[in-house]
Amino acid sequence: MFILQVYKLLDDKRFQESITRASNNARHGVSKALKENPWLEELAARIKEVGDQVISNLEHYIDKTITSLQRAGAGAHLARDSREALRIFDDLTPDVDLVVMSKSMAAEEIGLREHLEKRGVEVWETDLGQFLVQLENGKPMHTIAPAIHITRAKARRLLSRLGRDPGSEEPEKLAHAAREFLRGKILSAKTGVTGGNAIAADTGSLVLVENEGNIRLVSGVVEHHIAIVPVDKILPDLRTALDMVLVQSAYAGIFPPTYINVITGPSSTADIEHKRVLGAQGPRRLDVILLDNGRLRASKHPVLKAQLRCVRCGRCQFECPVWEKLANHWGGPVYGGPMGLNWTSIVHDPDLASELSFYCLLCGRCSQVCPVSIPLDDIIRWHRTRVWKEGHSGEN
Ligand code: SF4
């Protein structure tokens, strides 16, 4: 019963303190970024407009992205659902024994880590927060900051399980212990998995934004890079894809980001007789799995299609009074908060989204702060009325 979990979370003082602290810090980070860089709000408005254009013609942009990826020397695969994405992944990696991953909600969505572990593959998350979530066998509590619920004391306990006590609870020591462990794994792995913050239909370029530097390692030192990218991350051109990741990082409260990676095909060289060959110092192979999983269907839905504009900044979560009490425990199996509830409806289970929508206060603060003006509370209201009108979840 979800309600029992709610009471348990409300009683958990440490959990409440962690989420409140993270929300306050994030809100401050966003205000500062927008105050110092007012042009970001104009950029966000442009991303909204372009996003709508892509959503209204999503099949066309998927085809164009596939063509561009192939032209760049990458493998391009369209997965209709999670099962197909996992099958494609298995076909691409029949003999793999160690995989390193960067934080990817798309990988969470298809259950990739659990799937690989069942296959007997050793898998490590390399984003520090996601690594801690893996060690506690938990769920990411925020799109951008998955471990906001984990205190430094708990982080030390989790890292000690690897047989290496960080020596103190100082964040620097904890980060160093994780780095030492994960660097060894990254340098031993032949396959690296990332998501994609954006992908450009005109060039097939993946754009990945980060602070830790793990994404450039996971996508750069391995032989085979596999990226799992939801189709709503497609933008018409590279310029707009870069703009989009700037908007995402600003509204996530981490502007400017430390790194923006642009990856167009596998590594290559033309240094011998000016003939381009694939496989220089970076990966010899790049495969991109474009994940549909309900998104194409949603792009034709009068209410749900607006959610496909989402840049996954998590700003709505930090503004939501319910999320501030329950974090991603509320919203669905993978995504959480106001945006998570709507994503749950698109990629998992509309009935579950309708059920969870009754925990929403309908205050509308999420919609007010969304950089791409998604009417989140209107969509959540629709989830409720859908139950009333139909008497059951019924037709989506
Ligand atoms: S719904 Fe809006 S505020 Fe929430 S994560 Fe998506 S883009 Fe950000």
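In this predicted model, Asp-349 is partly exposed, because its relative accessible area is 31%, a value that falls between the 20% limit for buried and the 50% limit for exposed. Asp-349 sits in the loop that connects α16 (337-347) with α17. Computed along the sequence, Asp-349 and Pro-333 are 16 residues apart, while their C-alpha atoms are 9.5 Å apart in space.

Leu-362 is placed between α17 (350-357) and α18 (365-369). Its relative accessible area is 23%, so Leu-362 also counts as partly exposed. The backbone of Leu-362 has a phi angle near 55 degrees, which is a positive value in a residue other than glycine.

Glu-273 has a phi angle near 55 degrees as well, again positive and again in a residue other than glycine. The loop that holds Glu-273 runs between β10 (268-269) and β11 (277-278). Glu-273 is exposed, because its relative accessible area is 76%.

Strand β11 contains Leu-278. With a relative accessible area of 41%, Leu-278 is partly exposed. Leaving out neighbours within four places in sequence, the contacts of Leu-278 are Gly-73, Pro-266, Ser-267 and Ser-268. Met-105 is 173 residues from Leu-278 along the chain, and the C-alpha atoms of the two are separated by 29 Å.

Another backbone feature is found at Phe-255 and Pro-256. A cis peptide bond joins these two residues, with omega at about -5 degrees. Pro-256 belongs to the loop between α12 (238-251) and β9 (259-263).

Two further residues belong to the region around helix α5. Arg-83 is in helix α5 itself, and Asp-95 is in the loop between α5 (82-92) and β2 (98-101). Arg-83 has a relative accessible area of 71%, so it counts as exposed. Asp-95 is exposed too, because its relative accessible area is 71%.

The table collects C-alpha distances for some of the residues in this report.

| Residue pair | Separation along the chain | C-alpha distance |
|---|---|---|
| Asp-95 and Pro-38 | 57 residues | 50 Å |
| Arg-83 and Leu-112 | 29 residues | 10.0 Å |
| Leu-278 and Met-105 | 173 residues | 29 Å |
| Asp-349 and Pro-333 | 16 residues | 9.5 Å |

Is Thr-194 buried or exposed? Thr-194 counts as buried, because its relative accessibility is 0% and the limit for buried is under 20%. Thr-194 is part of strand β4, which covers residues 191-194. Apart from residues up to four places away in sequence, Thr-194 touches Ser-102, Ser-104, Leu-208, Ile-215, Val-218, Ser-219, His-225, Ile-226, Ala-227 and Ile-228.

On the scale of the whole chain, the domain assignment gives two parts. Domain 1 consists of residues 2-38 and 301-390, and domain 2 of residues 54-295. Taken over C-alpha atoms, the centres of domain 1 and domain 2 are 24 Å apart. How many residues of each domain are in contact with the other? The contact involves 37 residues of domain 1 and 28 residues of domain 2.

The model also holds a ligand. Which residues come nearest to the ligand? Of the 14 residues around the ligand, these are Cys-310, Cys-313, Gly-314, Cys-316 and Cys-370. Sorted by class, the shell around the ligand has 10 nonpolar, two polar and two charged residues. The ligand takes up the space of the second largest cavity.

Methods. Residues numbered from 1 in each chain as written. Predicted model: local features only at pLDDT ≥ 70, side-chain atom pairs only at ≥ 80, totals over all residues. Heavy atoms only, no water. Helix = DSSP H or I, 4+ residues; strand = E, 2+ residues; numbered from the N terminus. Buried < 20%, exposed > 50% of the residue type's maximum accessible area, 1.4 Å probe, protein only. Contact = heavy atoms within 4.5 Å. Near = heavy atom within 4 Å. 1 Å grid on protein atoms, 1.4 Å probe; cavity = no way out; pocket = protein on both sides within 12 Å on 5 of 7 lines; lining within 4 Å. Sits in = over half its atoms within 2 Å of the grid points. Nonpolar A, V, L, I, M, F, W, Y, C, P; charged D, E, K, R; others polar. Domains from an automatic or database assignment.
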